[in-house]
Amino acid sequence: MGIIEKMRLDGKHIFVTGGARGIGKSVATAFAEAGADLAIVDVDIDEAEKTAKELADKTGRKVIAVKTDVTEPEQVDAMVEKVVSELGGLEAAFCNAGICINEPADEMTFEHWKKVIDINLTGVFLTATAAGKYMLNHGGGSIINTASMSGHIVNVPQPQCAYNASKAGVIMLTKSLAVEWAKKGVRVNCISPGYIGTELINNAPHLVPLIEQWNAMAPMGRLGKPEELQSVCVYLAGDTSSFTTGSDIVVDGAFTSF
Ligand code: NAD
C-alpha cells in the first residue's frame, strides 16, 4: 500500500467539536473525504445538522450531529456515549470549539475571562479526556486539539489576554496528556493556526478592519484558508503519524517565525 492509501481514515469514527462551521467544518469535510464516519458536535445544533447532512450527501459517509456545550461535563460524557453507540467506535477526536473576546485586560469582566477559559481550555480538557478515557480502554486513538499562534505570541493590535492564555494552556494540556498516555496507545497533538478567514473573524465587526494590518505583518501577505488545515489534521488523525505525539504543529504562513 502506498503512503497516500496508508493516510486514509477508512473504518475510523471521529468527533469534531465546533464542527458546524469554520475550521471544524473544513477539517470534518476532509475526514469524511478520507473515509471516516463523523459526529459534528456543536452548541449550535441547527447549523450542525445542516453541516452533517451536507457532508453525508457530499461524501456518502455516516455523519451525525450532536448538540453539546463543551463546557458541560455531563453533556460531553453523553456525547461520547452517543458517538460510540451511533457510529460504532471512536478512534480520533478533533477538540476544536473555541471563541475569542477582544477586551483590554483592565476592562475585561470576570464573566468574559471565565467564558473564554471555560470554552477554549476547560472545553478541550473535558472533550479530550472524555475521548481519551474511551480510547484507553478500546485500542487507543488520536486526539487533535486546536490551539493557536496566539498560544505562542501576543497578537496585536487587538487585546485578547484571555484568548492568548487559553491557547497557551491548550498547548501544555496537549503535551501533558501526550506524556501521560504515550505508552497506552493514545496520541495527543495540537495545531496552532495563524489568522484563518472564518466567521470568528468575519462576523466580528471590530476585527474585519484589522485584516489589512495583519496582512501587512504576515510574511505571506494574507490570511490562511480553513482548507489549509485539512491535510495536517488528516495526517494527525491517521495511522501514519504513529510516532507523532505531544506535537504542536504551527500552520501560520511563518507569522510567528520572526
Ligand atoms: P468559528 O467561530 O467559525 O466556529 C467555532 C464553532 O464553535 C462554532 O460552530 C460555534 O457554534 C462552536 N462553539 C462555540 N462555543 C461552543 C461550545 N461552548 N460548545 C460547542 N461548540 C461551541 O471559529 P473558527 O475560526 O472555525 O475557530 C475554530 C477554532 O480554531 C477555535 O478554537 C479558534 O480559537 C481556533 N483558531 C481560529 C483562528 C482563526 O483565525 N479563525 C486562528 C487560530 C485558532
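Guide: Keep in mind that this is a predicted model. One place to start is Pro157, which sits in the loop between strand S5 (141-146) and helix H6 (161-181).

Visitor: What makes the peptide bond that joins Val156 and Pro157 cis?
Guide: Look at omega: the value is about 5° for the bond between Val156 and Pro157, and that bond is cis.

Visitor: And what about Ala254, where does that residue lie?
Guide: Ala254 is in the segment after strand S7 (248-251). Its phi is near 75°, a positive value in a residue that isn't glycine.

Visitor: On to helix H5 (residues 110-136): how do you know that its end-to-end distance agrees with its number of residues?
Guide: H5 has 27 residues, and at 1.5 Å a residue they should span 39 Å. The C-alpha atoms at its ends are 36 Å apart, so the two agree.

Visitor: Where does H5 bend?
Guide: At Asp118, by about 40°.

Visitor: Why are H5 and H6 called roughly parallel to each other?
Guide: They pack at an angle of about 15°, with axes 9 Å apart. Angles under 35 degrees count as roughly parallel, so H5 and H6 get that label. Their crossing is right-handed.

Visitor: Which residues of H5 and H6 meet?
Guide: On the H5 side, they include His112, Trp113, Val116, Ile117 and Asn120, and on the H6 side Ala162, Tyr163, Ser166 and Lys167 are among them. By class, the contact of H5 with H6 has 14 nonpolar, 5 polar and 1 charged residues.

Visitor: Why are helix H2 (residues 22-33) and helix H3 (residues 45-59) described as roughly parallel to each other?
Guide: The angle between H2 and H3 is about 30°, with their axes 10 Å apart. The cut-off for roughly parallel is under 35 degrees, and H2 and H3 are therefore roughly parallel. This crossing is right-handed too.

Visitor: Which residues make that contact?
Guide: H2 brings Lys25, Ala28, Thr29, Ala32 and Glu33, while H3 brings Thr51, Leu55 and Thr59. Sorted by class, the contact of H2 with H3 has 3 nonpolar, 3 polar and 2 charged residues.

Visitor: H2 also packs with helix H9 (residues 230-237). Why is that pair called oblique?
Guide: The axes of H2 and H9 come within 9 Å and cross at roughly 55°. Roughly parallel needs an angle under 35 degrees and roughly perpendicular runs from 65 to 115, so H2 and H9 count as oblique. Their crossing is right-handed.

Visitor: What makes up the contact between H2 and H9?
Guide: Ser26, Val27, Ala30 and Phe31 come from H2, and Gln230, Cys233, Val234 and Ala237 from H9. That gives 6 nonpolar and 2 polar residues, with no charged ones.

Definitions and conventions
Residues are numbered from 1 along each chain as its sequence is written. This is a predicted model: local features need pLDDT of at least 70, side-chain atom pairs count only at pLDDT 80 or more; totals for chains, interfaces and linings use all residues. Helices (H or I, at least four residues) and strands (E, at least two) are DSSP runs, numbered from the N terminus. The expected span of a helix is 1.5 Å times one less than its number of residues. The bend at a residue is the angle between axes fitted to the seven residues ending there and the seven starting there. Axes are lines fitted to C-alpha atoms, for helices over the stretch in contact, and angles run from 0 to 180 degrees between N-to-C directions. Angles under 35 degrees count as roughly parallel, over 145 as roughly antiparallel, 65 to 115 as roughly perpendicular and the rest as oblique. A crossing is left-handed if the near helix is turned anticlockwise from the far one by less than a right angle, and right-handed if clockwise. Two residues are in contact if their C-beta atoms, placed from the backbone, lie within 7 Å. Ala, Val, Leu, Ile, Met, Phe, Trp, Tyr, Cys and Pro count as nonpolar, Asp, Glu, Lys and Arg as charged, and the others, Gly among them, as polar.
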